[in-house]
Amino acid sequence: MTADAVAALESAGIAATSVDNFGLTAVDVAPEAWVAAHEVLRDAVGLTFFDFLSASDELTDGFRVVSHLADFWGGAHVDHLLVRTLVPRDRPVLATLIDVYAGANWHERETHEMFGIGFDGHPNLIPLLLPDEFEGHPLRKEFVLASRVAKPWPGAKEPGESDHAPTGAPSRRRTLPPGVPDPESWGPRPPGSPDPDPLAPAQAAATPARPRRAGGERRTRRQTE
């Protein structure tokens, strides 16, 4: 399926690259060819079923928008294909797919709401899941899950964490909740202080604490004399 998709796209003058996406077949196209690529895949390849559209935050690389298309044939046999593109973080805008796949309407609204990605030509980019007064885009990696600060972490279920825990009960060292950066890197700032880099905590969390072992490398027992 991937080879057929790439060949059809290239014959239409659209540059496409086959990629391995955790075992799923996928092709990467440029943002400016996003709509045209889907038209070719629908009409020339036969991927007439639109499943979903979403995105992932790739930090300084921008936002990766992904659609999942399918073709049902031969009884229960289904061909799957992911179509991916990368939009810049400073201007995350992409053309809408609703004229190609009407089912993209709902998914583009959700992606706009959760990631702040605009879809040019979409007639109804209004809040879908979040309340009207909600600020920010909760699936961006710099979004701080501030509600986790207001509750004990990891919670009163841990020994010694509850106010009514018996005296002398063992306790765990308190750690920052997941999704909450160091207090010095977010929240209200004194007047005149520099603004923190909103991506710094997310980038730090994405950096492994220690280098990973090379493929095939195994731990060896420390030999003693």
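**Entry 1: the whole chain**

I am working from a predicted model. I looked up the secondary structure before anything else. I find four helices and seven strands. I then read the elements in sequence order, and the pattern is α-β-β-α-β-β-β-β-α-β-α.

Next I checked burial. The protein has 225 residues, and 32% of them count as buried. I also looked up the accessible surface, which comes to about 14,600 Å². Carbon and sulfur atoms hold 53% of that surface.

How much of the contact set links residues 24 or more positions apart? I took the contacts with a separation of 6 or more, and such pairs account for 51% of them.

**Entry 2: His38**

I moved on to a single residue. His38 sits in helix H2, which covers residues 34-43.

Is His38 buried or exposed? I read 0% relative accessibility for His38, so it counts as buried, the cut-off being under 20%.

I then asked which polar partners the side chain has. One is in the backbone: the oxygen of Trp34 lies 2.7 Å from a polar atom of the His38 side chain. Another is a side chain: His38 and Ser67 are joined by a polar contact of 2.7 Å.

Last, I listed the contacts of His38, leaving aside neighbours within four places in sequence.

My note to keep: His38 is buried, and its side chain has polar contacts with the Trp34 backbone oxygen and the Ser67 side chain.

Conventions. Residues are numbered from 1 along each chain as its sequence is written. This is a predicted model: local features need pLDDT of at least 70, side-chain atom pairs count only at pLDDT 80 or more; totals for chains, interfaces and linings use all residues. Side-chain values use heavy atoms; hydrogens and water are left out. Helices (H or I, at least four residues) and strands (E, at least two) are DSSP runs, numbered from the N terminus. Buried means under 20% relative accessible area, exposed over 50%, partly exposed in between (1.4 Å probe, protein chains only). Contact means heavy atoms within 4.5 Å. Accessible areas come from the Shrake-Rupley method with a 1.4 Å probe; for residues, only the protein chains shown count as cover. A polar contact is a pair of N or O atoms within 3.5 Å; within protein, one must be able to donate a hydrogen and the other to accept it, and residues adjacent in sequence count only if both atoms are side-chain atoms.
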